[in-house]
Amino acid sequence: MVNFLVLIWVLNMVLYKPIRKILLERKEKVDGLQAVIDGSAEQVKSKEDAYAEGVRQARAAGQKEKEALMQAAEAEEKAIIGKINESAQAELKEVKEKIAQEVGTVKATLEEEIDAFADAIGQKILGRVA
């Protein structure tokens, strides 16, 4: 029995303690590496979240700028169309005035010649009837 106890004590000192010490060191090393991995994963996640937030903000800013440019373009388009309409209205007024003047001139000319035409027509009708 004493031999058995001595053998267990010797094996414990020579074999089991060094093996347990190595296993404990390995466990501590693995735990440390796992902590580093977890920390790195958290950093990656926080950086991904920050990147996604930056992209979202950039898109929002781009959308606002696009809307501002669209509004400015619409205002400029309305101004240009307004100028074109004014110009067209002015030209239309000038054309109407010119046509009215020409109609007046033609009417006056025809009124002056109407008596001569009436006489000529009357002479032709009377000359044929007689």
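A residue is called buried when its relative accessible area is under 20%, exposed when over 50%, and partly exposed in between (1.4 Å probe, protein chains only). This is a predicted model, in which local features need pLDDT of at least 70 and side-chain atom pairs count only at pLDDT 80 or more, while totals for chains, interfaces and linings use all residues. Residues are numbered from 1 along each chain as its sequence is written, and side-chain values use heavy atoms, with hydrogens and water left out.

Begin by selecting tyrosine 16, which lies in helix α1, residues 2–129 (helices are DSSP runs of H or I with at least four residues, numbered from the N terminus). Tyrosine 16 counts as partly exposed because its relative accessibility is 41%.

Next, turn to the charged side chains. Side chains of opposite charge can pair when their charged atoms come close. In the whole structure a search finds 2 salt bridges, each being a side-chain nitrogen of Lys or Arg within 4 Å of a carboxyl oxygen of Asp or Glu.

For one of them, select lysine 45 and aspartate 49, whose side chains meet at 3.7 Å, N to O. These residues are 4 apart in helix α1, so about one helical turn separates them. Lysine 45 is exposed at 51%, whereas aspartate 49 is partly exposed at 42%.

Then select glutamate 53 and arginine 56, where the salt bridge spans 2.4 Å, N to O. Both lie in helix α1, 3 residues apart, about one turn of the helix. Arginine 56 is partly exposed at 48%, and glutamate 53 is also partly exposed, at 32%.

Notes
Helices (H or I, at least four residues) and strands (E, at least two) are DSSP runs, numbered from the N terminus.
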